[in-house]
Amino acid sequence: MAADASSAAPLQDPALRHDWSKAEVEALFALPFNDLLFQAQSLHRQHHKPNSVQLSTLLSIKTGACPEDCAYCPQSVRFETGLKKEPLLDVEVVLEAAREAKDNGATRFCMGAAWRSPKDRDLDRVEAMVRGVKAMGLETCVTLGMLKPAQAERLADAGLDYYNHNLDTSPEFYGKIISTRTYEDRLDTLANVRAAGVKVCCGGIVGMGEQESDRAGLLQQLANLSPHPESVPINDLVQVEGTPLKGAEQLHPLEFVRMIAVARVLMPKSYVRLSAGRQAMSEETQALCFLAGANSIFYGEKLLTTANPQNEKDRALLARLGISTEGSVSAPPAAARESQQGESCSTRCC
Ligand code: SAM
Ligand code: DTB
Ligand code: SF4
């Protein structure tokens with residue numbers, strides 16, 4: 001049976017493991033590509049609808065001037081990225097963007113703020129945003145930095161469905177990327193979110209110059225959280241001019257696919273989101289990510305501050321693959337393919 005995102009209980013199924021060793025995770029990465037994809041796709045089909053993805057739309061509700069030093073991030077005050085800073089948006093502006101996201105087919109609206117952690121007085125407005133978005137029938141997600149227990153409880157009381165807070169990379173590589181908060185700080189926030197009864201969205205970034213053992217280390221940490229995060233975003237670094245990671249060695253697309261596949265094997269019931277980086281990714285790579293078990297994407301022409309594929313382009317890709325979106329009534333794949341043929345096949349061969 002496929003899981004339903006909106007009613008998912010914490011993932012405490014005794015069949016799910018939380019005791020993965022690093023060697024076991026590395027062994028999955030070392031499998032022949034086809035064996036790994038077969039395993040990932042088989043598990044995916046046991047737990048999810050095989051041809052369905054969930055659409056989340058992002059909005060930056062407070063942009064730039066962040067005091068943290070995350071080496072990948074265009075919003076840190078420490079890097080000259082040319083980003084225009086914006087204070088916390090008005091509730092009505094956010095609700096208008098959420099309405100548009102819903103009209104475009106998203107089922108979850110994720111609001112991100114460039115904060116180290118929110119001030120209690122900022123939470124009043126964020127709570128109003130959460131209430132308003134939820135009242136539209138959308139799932140709500142916020143990512144605001146580190147949270148104290150009482151702050152997590154306030155968000156839970158406002159009806160928040162998900163809190164996004166990423167571990168980003170392995171504990172060993174972490175210090176090369178961020179110095180202003182620790183891995184433990186992140187784990188504490190995740191525990192506070194969980195204790196408040198809010199679902200956890202937690203993943204990381206690849207393509208930051210890390211080793212495969214770091215990618216394995218990140219997934220080991222995520223999979224050994226109990227319960228597993230309900231949502232696991234895997235971001236491919238979007239390189240931004242002015243950040244320390246501009247010019248980092250890019251990850252081979254097939255290594256990115258492996259990352260998705262291993263995430264699916266370790267956390268078979270979670271939603272695995274093919275997250276940042278799709279703008280620079282070929283359609284073939286994205287198709288392999290879906291085969292490897294990705295079943296969620298960020299949908300909408302902007303992530304927080306950087307570009308994401310155009311809606312029409314994503315619609316065309318999903319139609320070509322016969323993938324429907326959660327909460328929508330989809331056209332049959334053959335009809336969808338025919339409607340797209342003129343766009344990409346000039347030879348009339350298919
Ligand atoms: N300030 C909050 C925090 O760091 O928790 C919330 C917003 S922050 C932008 C959310 C996540 O976006 C980060 O943890 C990171 O994983 C991801 N991210 C930021 N910049 C990125 C980039 N250039 N490429 C890929 N992912 C990125
Ligand atoms: C996540 O894991 N990725 C999203 C969301 N959670 C908040 C953010 C991606 C940001 C990419 C860079 C930008 O647009 O600023
Ligand atoms: Fe700030 Fe979040 Fe960017 Fe780090 S990732 S600099 S905490 S906005």
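I looked up A65 and found it partly exposed, with a relative accessible area of 38% (buried is under 20%, exposed over 50%, partly exposed in between; 1.4 Å probe, protein chains only). I note that this is a predicted model, in which local features need pLDDT of at least 70, side-chain atom pairs count only at pLDDT 80 or more, and totals for chains, interfaces and linings use all residues. Residues are numbered from 1 along each chain as its sequence is written, chains are lettered from A and ligands numbered from 1 in the order in which they are written, and side-chain values use heavy atoms, without hydrogens and water.

I recorded a positive phi of about 60° for A65, which is not a glycine. I then turned to D168, also not a glycine, and read a positive phi near 75°. D168 counts as buried, at 2% relative accessibility.

I checked the peptide bond between S226 and P227 and found it cis, with omega about 0°. For reference, most residues other than glycine have a negative phi, and most peptide bonds are trans.

I next examined helix 7, residues 183-195 (helices are DSSP runs of H or I, at least four residues, and strands runs of E, at least two, numbered from the N terminus). Its buried residues are Y183, R186, L187, T189, L190, N192 and V193. Just after helix 7, I found G197 with a positive phi of about 85°.

Lastly, I listed the residues around ligand 3 (a heavy atom within 4 Å): C66, E68, C70, Y72, C73, S76, A114, W115 and R181.

Definitions and conventions:
The expected span of a helix is 1.5 Å times one less than its number of residues.
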